[in-house]
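Please view the sequence and the structure first.

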Amino acid sequence: MKRSRRAVLLGTLAALALGATACGSSGSSSNPLGGGSTASAGSSATSGGSGGSGGTVVVGSANFPENVLLGSIYSQALKAKGVKVEEKFNIGSREVLYGQLQSGNLTVLPEYNGALLAYLDAKNTAVTTQDVNAALTKALPSSLAILDSSPAEDKDSLSVTQENADKYGLKSISDLAAKAGEFTIGGPPEFKTRREQQFKDVYGLTFKEWKPTADTTANALKDGSIQVGNVFTTDPKIVQYKLVALSDPKNVFGAQNVTPLINKAGVDASATAALNAVSAKLDTAGLTTLMKRVSVDKEDPSAVAKDWLKANGLG
């Protein structure tokens with residue numbers, strides 16, 4: 001999957017997350033992962049302690065760069081603790097990934113808690129990290145579990161330029177109330193239909209104009225044709241164009257914390273501790289900076305992961 005940020009993350013955290021594209025069945029007994037790794041960041045196994053009863057922890061990922069990067073971070077963090085690891089990256093959609101985790105062909109996946117909950121229980125209305133994780137714990141089968149969620153979130157935001165943030169004192173979506181009537185907002189074509197009334201009801205915002213900017217939203221913020229834009233929080237253009245993702249204290253956009261999803265039979269206490277240590281250190285700003293290196297600077301995800309782990313005392 002190519003990383004047009006809008007095409008991929010809207011596609012992955014909607015189509016993938018909600019299971020709209022039937023690339024496989026979560027109940028399938030087939031093994032599309034057989035025959036070795038499909039990892040763009042390489043496939044490897046290291047000798048060391050067992051990650052669980054199977055001896056090797058198999059770390060998978062979806063087929064977009066951010067998830068491959070997260071998979072590599074998990075993999076290298078585990079290796080650093082002496083866990084034997086195999087990498088199977090760039091696999092595909094959540095239907096395939098989830099089914100392979102259930103079957104034990106995969107052991108660990110980097111997930112987004114809100115998207116995973118939507119896949120398992122589309123009617124659930126939880127929005128905060130705590131509530132989403134509580135609902136996930138109930139929705140997951142007994143063989144699977146989530147570990148600690150990281151503060152890092154890849155989700156929708158309302159973003160502005162650093163210049164406008166400083167000029168108008170904009171730190172949260174609430175701060176837009178005084179200026180929304182003078183601002184044009186941009187986002188995907190469906191954004192107005194889905195969010196206009198919600199912004200009015202929750203934050204009291206009525207914007208001057210709504211523009212369908214799709215995957216050019218960050219560019220439109222940069223050139224000034226819009227003043228507020230719907231940009232994903234780990235979009236590398238936030239760093240590249242010096243944008244500010246406004247905080248969302250009233251949770252219009254539900255939690256999408258990066259969270260390890262595991263098959264419990266294959267993950268022991270040492271592996272669990274290593275993955276939870278990653279979650280404790282990984283935040284949105286840091287992940288966004290890493291994604292600039294991967295998507296803009298075209299650095300290898302495994303090298304970027306290695307640098308991050310070393311800088312945070314985990315590698």
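Predicted model: local features only at pLDDT ≥ 70, side-chain atom pairs only at ≥ 80, totals over all residues.

Residues are numbered from 1 along each chain as its sequence is written, and side-chain values use heavy atoms, without hydrogens and water.

Two packed helices are described by the angle between their axes and the distance between the axes. Axes are lines fitted to C-alpha atoms, for helices over the stretch in contact, and angles run from 0 to 180 degrees between N-to-C directions. Helices (H or I, at least four residues) and strands (E, at least two) are DSSP runs, numbered from the N terminus.

| Helix pair | Angle | Axes |
|---|---|---|
| α4 (113-120) and α5 (129-139) | about 40 degrees | 9 Å apart |
| α2 (65-80) and α10 (269-281) | roughly 130 degrees | within 9 Å |

α4 passes α5 in a left-handed crossing; that term means the near helix is turned anticlockwise from the far one by less than a right angle, and right-handed means clockwise. On the α4 side, Asn 113, Gly 114, Leu 116, Leu 117 and Leu 120 make the contact (heavy atoms within 4.5 Å). They meet Thr 129, Val 132, Asn 133, Ala 135, Leu 136 and Ala 139 of α5. Seven of these contact residues are nonpolar, four are polar and none is charged. Here Ala, Val, Leu, Ile, Met, Phe, Trp, Tyr, Cys and Pro count as nonpolar, Asp, Glu, Lys and Arg as charged, and the others, Gly among them, as polar.

α2 and α10 are oblique too. Their crossing is right-handed. α2 contributes Ile 73, Tyr 74, Ala 77 and Leu 78, and α10 contributes Ala 271, Ala 274, Leu 275 and Val 278. This contact has eight nonpolar residues, no polar and no charged.

Ala 214 is not a glycine, yet its phi is positive, about 50 degrees. It sits in the loop between β7 (209-212) and α8 (217-223).

Mean pLDDT, the predictor's confidence in each residue from 0 to 100, is 86 for the protein chain. Residues 1-54 stay under 50.

Key
Parallel < 35°, antiparallel > 145°, perpendicular 65-115°, else oblique.
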